[in-house]
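This report goes through one protein chain, part by part. Look at the sequence and the fold first, then read on.

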Amino acid sequence: MNKNVTIKSQKHAGDAGAMAASPSLHFPGLLTFEAAARHLNFARAAAELGVTPTAVSRTIKVLEAQLNVRLFNRTTRSVSLTEAGSSLNSKMAPALALIRDSLSEALQATDQPSGTVRVNSSYVAYRMLIEPYLEAFLAKFPLIHVEISLDNLLGDIVSGGFDIGIRMGKKVQNDMVAVQLGSRQKRILVAASDYFKDRKEPKNLDDLLNHDCIRQRYSVGGRWFEWKFDSEGQMVQVDVQGRLLFDEMRSVVDAAVQGHGIGYVFEEFARQELASGKLRQVLRQYNGMDDAFHLYYPHRKYMPGKLRSFVDFMLDAHKAKPMRPGHG
């Protein structure tokens with residue numbers, strides 16, 4: 001039989017006559033709300049919880065009735081949080097994450113870590129830094145599940161329900177820990193041979209102004225990647241032009257392979273296309289260096305075993321990775 005819990009304001013918890021009684025809330029209802037808020041999709045939340053979408057919808061309606069406030073805006077095509085729902089989720093999600101981690105630690109009957117590690121990453125970082133080692137990680141830790149969400153939004157991993165994020169640079173909030181994963185990223189200019197059938201290959205950086213350059217934003221509506229190069233000890237920025245603009249580097253690489261222009265991408269990310277001859281490096285004497293990618297996660301006194309295993313494994317894998325030509 002399920003028990004009810006009552007959530008009361010700490011400020012007035014001892015003063016029964018100061019305010020009306022707080023609503024009695026069903027704890028599973030809060031878990032359902034958190035899953036629905038994280039996925040913004042009742043069907044996915046239902047699959048995670050092992051119930052039907054109808055059951056999720058019904059539970060949310062009961063919770064909204066108990067709180068006397070709408071938590072979600074629902075249409076036939078989308079689900080979004082209301083202002084009240086967003087406020088509740090931002091405060092409740094970290095607490096539920098802590099509860100899950102505590103239970104996971106308490107329920108471990110062996111030294112083998114278990115549970116689900118939820119990872120938020122850009123596609124580029126995932127493909128270069130995580131995907132090559134994922135199979136080995138899963139083989140070593142058979143009780144750990146890995147859930148990966150790919151985007152370029154640089155969102156709040158805690159409110160998003162994630163254990164760990166992967167982003168370029170180490171600037172994070174004060175309550176976060178950032179550890180470097182891999183080396184600094186080298187950017188190079190690439191293009192397909194077909195692109196130069198009717199064009200002269202550039203000989204210097206100024207020549208890029210006469211070419212179709214495939215540009216990229218950091219995220220949807222975000223700022224542009226700047227084409228900056230190390231040139232004889234100086235940093236030179238070229239205000240390139242082009243008709244194609246993407247918010248994902250894999251699309252830049254694909255467009256370059258198709259002969260649509262010159263791309264400015266991570267050397268490591270385009271390694272397969274360079275090795276196969278689909279792309280070739282342009283203006284080899286010029287390149288740019290970006291920061292390294294970092295793993296970041298909330299600072300906790302007791303780090304969950306599943307998270308410690310994931311972080312340590314990935315760090316060790318990259319330390320053992322042999323250096324390739326062109327990487328410093």
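Which Phe residues form one aromatic cluster? The cluster is made of Phe 137, Phe 141, Phe 310 and Phe 313.

**Basis of the report**

This is a predicted model, in which local features need pLDDT of at least 70 and side-chain atom pairs count only at pLDDT 80 or more, while totals for chains, interfaces and linings use all residues. Residues are numbered from 1 along each chain as its sequence is written, and side-chain values use heavy atoms, with hydrogens and water left out.

**Confidence**

pLDDT is the predictor's confidence in each residue, from 0 to 100. The chain has an average pLDDT of 82, and 82% of the residues score at least 70. Over residues 1-20 the pLDDT stays under 50, and the model has 19 contacts for them beyond four places in sequence. For residues 322-328 the pLDDT is also below 50, and this stretch has eleven contacts beyond near neighbours in sequence. A contact means heavy atoms within 4.5 Å. Helices (H or I, at least four residues) and strands (E, at least two) are DSSP runs, numbered from the N terminus.

**Aromatic rings**

The whole structure holds eleven aromatic pairs. Rings of Phe, Tyr and Trp (its six-membered ring) pair if their centres lie within 6.5 Å; planes under 30 degrees apart count as stacked, over 60 as edge-to-face and the rest as tilted. Phe 42 and Phe 72 form an edge-to-face pair, with 5.6 Å centre to centre and 90° between the planes. Phe 42 belongs to helix H2 and Phe 72 to strand S3 (residues 72-74), so the pair links distant parts of the chain, 30 residues apart. Phe 42 is buried at a relative accessible area of 11%, and Phe 72 is buried at 0%. Buried means under 20% relative accessible area, exposed over 50%, and partly exposed in between (1.4 Å probe, protein chains only).

The charged end of Arg 187 sits over two rings, as the table shows. A charge sits over a ring if NZ of Lys or CZ of Arg is within 6 Å of the ring centre and within 35 degrees of the ring normal.

| Charged residue | Ring | Distance to ring centre |
|---|---|---|
| Arg 187 | Phe 225 | 4.3 Å |
| Arg 187 | Tyr 264 | 5.5 Å |

**Helix H6**

In helix H6 (residues 249-257), the buried residues are Met 249, Val 252, Val 253, Ala 255 and Ala 256. Seen down the axis of H6, they fall within an arc of 165°, so they line one face of the helix. The arc is that of the directions from the helix axis to the C-beta atoms. Their cover includes helix H5 (123-140), strand S9 (186-191) and helix H7 (271-276).

**Positive phi**

Most residues other than glycine have a negative phi. Leu 40 has a positive phi near 50°. Leu 40 lies in the loop between helix H1 (27-39) and helix H2 (42-49) and is partly exposed, at 37% relative accessible area. Leu 283 also has a positive phi, of about 50°. Leu 283 is in the loop between strand S15 (280-282) and strand S16 (288-289) and is buried at 5%.
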